[in-house]
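Dear colleague,

Please find the structure below, handed over for your reference. My notes on what was found in it follow.

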Amino acid sequence: MEVTIPTENNGTSWKGGNEKPLGASYGKMMMWFFILSDALTFSGFLGAYGLMRFKFHDSWPIADEVFTHFPFLHGFHAPMYYVALMTFILIFSSVTMVLAVDAGHQMNKKKVTFYMLLTILGGAIFLGSQAWEWKNFINGTYGAVKLNDGKIIQFIDATGEQITLESFVKSLPSERTRHTENKGLWFVKEAKLPPFTLNEVVESFKSNPAISIRTELINPETKAKTIIPHSEAMGFLNEAKSVVMGANLRENEYGKTLFANFFFFITGFHGFHVLSGVIINIIIFFNVIIGTYERRGHYEMVEKVGLYWHFVDLVWVFVFTFFYLV
Amino acid sequence: MTHAQEHTSHTKLIWKVFAILSVITIVEVALGITKPAALYLTKFLGTSPLNIIFLVLTIVKAYYITWFFMHMADEKKGLRRAVVWTAVFLIIFLATLLLIEGSYINDILGPLTKWNY
């Protein structure tokens with residue numbers, strides 16, 4: 001029986017010989033299959049998000065009311081502008097990446113270096129933007145009240161616009177301070193107290209008939225949250241449990257805690273991909289500079305890393321749609 | 001892609017794809033901010049027409065990124081199908097079951113949720 005022994009290996013083919021069944025090198029093909037499996041992971045997460053969203057579709061937070069900040073425009077209601085900017089940054093860094101790949105095909109080291117640098121910068125700016133987005137979400141905008149059963153009550157003025165707690169709550173004299181280790185049991189910790197106590201919020205609400213509340217329930221006709229008139233609001237506020245400021249994994253002033261959980265998890269997982277993409281890009285960037293690929297005779301490594309980078313962009317396109325648009 | 005083509009620059013195509021992706025994103029954001037009542041408050045295929053538009057535009061964007069930025073168009077048919085068909089089939093399968101189940105839970109749970117106090 002004859003045995004085939006590989007005699008030649010040009011470095012881009014399968015190690016077992018020069019057969020390339022799918023016309024791609026081993027590394028590139030495996031990058032594609034890694035991307036496939038990672039795409040399925042993200043679909044699992046976004047699918048779980050979709051399940052919960054359909055389950056609570058009559059009371060899910062409205063993204064336009066959650067993400068309304070834009071740098072240097074304080075107090076200006078700017079839904080989606082910021083996330084649109086982030087999307088452009090990421091698409092543009094994808095463009096510079098594909099230009100680097102293109103320059104690599106022409107063995108143009110200078111251009112590859114330049115475009116890789118732009119790609120890294122784009123990725124870093126995106127990461128910074130996402131951190132800022134998280135900061136705003138965690139700190140919150142308006143403040144709300146949580147009921148005993150976990151529902152969120154927000155405050156609105158006579159025109160139906162949501163108002164901040166600061167705009168109507170008057171502080172009352174109170175002895176309550178944050179519990180820290182040096183004031184009592186050293187093993188008991190307490191999170192930062194909300195800016196107002198529940199009592200202050202309820203008392204201020206009672207004394208101000210112009211303001212009212214709204215519940216999470218969305219009216220299917222107008223797709224807006226249900227407004228409760230001032231006269232009926234005390235029925236809700238008698239059930240109030242605590243004041244909520246901002247969002248974290250346990251509570252969310254904008255509505256369902258699940259929304260915060262999925263937002264942190266999915267954008268966090270995507271952000272982690274961007275971070276690792278930036279780190280890999282930096283490694284490849286230095287390899288380009290020291291001439292590794294020039295000596296190897298081809299820039300296929302830039303292409304493979306490029307695939308990963310475009311995939312990160314691809315995932316963001318879907319995250320953008322499902323968290324901000326739909 | 002033949003060997004000779006490999007060394008020609010595709011810069012023009014890249015900028016064209018960037019222009020297409022930008023226009024789609026701008027349309028999405030504009031629709032998302034204005035939310036025209038005729039598209040947002042009406043129903044079509046179980047959701048609003050606006051949501052359908054967003055989904056279609058997203059898939060168009062995904063197509064351009066995969067085909068032209070990731071050069072899927074230049075891969076052999078076998079590799080392309082192994083990756084794209086697998087993903088498309090499994091994602092549709094998973095999403096369909098999860099979303100049907102989600103709205104079933106809503107049908108059962110929704111009426112039991114207390115909204116008046």
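**The strands of chain A**

In chain A, strand β2 (residues 152–156) and strand β3 (residues 212–219) run antiparallel and are joined by three bridges. Please note that this is a predicted model. Two of the residue pairs between these strands can be named: A:F155 has A:I213 of β3(A) as its bridge partner, and A:I156 stands opposite A:S212 in β3(A).

β2(A) also pairs with strand β1 (residues 144–147) of chain A; these two run antiparallel and share two bridges. Here A:K146 is opposite A:I152 of β2(A). β1(A) and β2(A) form a hairpin with four residues between the strands, in which A:G150 has a positive phi near 95°. Of the five residues of β2(A), four are buried, so this strand is largely enclosed by the rest of the structure.

β3(A) is joined in turn to strand β4 (residues 224–228) of chain A by four bridges, and the two run antiparallel. Within this pairing, A:R214 faces A:I227 of β4(A). These strands form a hairpin as well, again with four residues between them, and A:K223 in the turn shows a positive phi of about 55°.

**Helix α4 of chain A**

Helix α4 (residues 109–139) of chain A has 31 residues, which at 1.5 Å a residue should span 45 Å; the C-alpha atoms at its ends are 45 Å apart, in agreement with that expectation. Its buried residues include A:V112, A:Y115, A:M116, A:T119, A:G123 and A:F126. An α-helix has 3.6 residues a turn, so residues three or four places apart point the same way. The cover over the buried residues of α4(A) includes α3 (81–105), α7 (257–289) and α9 (300–325) of chain A. After the helix comes A:G140, with a positive phi near 80°.

**Domains and confidence in chain A**

The domain assignment divides chain A into domain 1 (42–140 + 259–325) and domain 2 (144–245). The C-alpha centres of these two domains of chain A are 36 Å apart.

The average pLDDT of chain A is 89, and 94% of its residues score at least 70. In chain A, confidence is highest in α7(A), at a mean of 96, and lowest in helix α2 (residues 63–66), at 87.

**Two residues with positive phi**

A:M80 is not a glycine, yet its phi is positive, near 75°. This residue is in the loop between α2 and α3 of chain A. Is A:M80 buried or exposed? A:M80 counts as buried because it has 21 C-beta neighbours inside 10 Å, and the cut-off for a buried residue is 20 or more.

In chain B, B:H71 likewise has a positive phi, of about 60°, without being a glycine. B:H71 lies in the loop between α3 (49–69) and α4 (77–109) of chain B. With 19 other C-beta atoms within 10 Å, B:H71 is partly exposed.

With kind regards

Methods: Residues are numbered from 1 along each chain as its sequence is written. Chains are lettered from A and ligands numbered from 1 in the order in which they are written. This is a predicted model: local features need pLDDT of at least 70, side-chain atom pairs count only at pLDDT 80 or more; totals for chains, interfaces and linings use all residues. Two strands pair if DSSP finds at least two bridges between them. The expected span of a helix is 1.5 Å times one less than its number of residues. A residue is buried if 20 or more other C-beta atoms lie within 10 Å of its own, exposed if 12 or fewer, and partly exposed in between; C-beta atoms are placed from the backbone. Two residues are in contact if their C-beta atoms, placed from the backbone, lie within 7 Å. pLDDT is the predictor's confidence in each residue, from 0 to 100. Domain bounds come from an automatic or database domain assignment.
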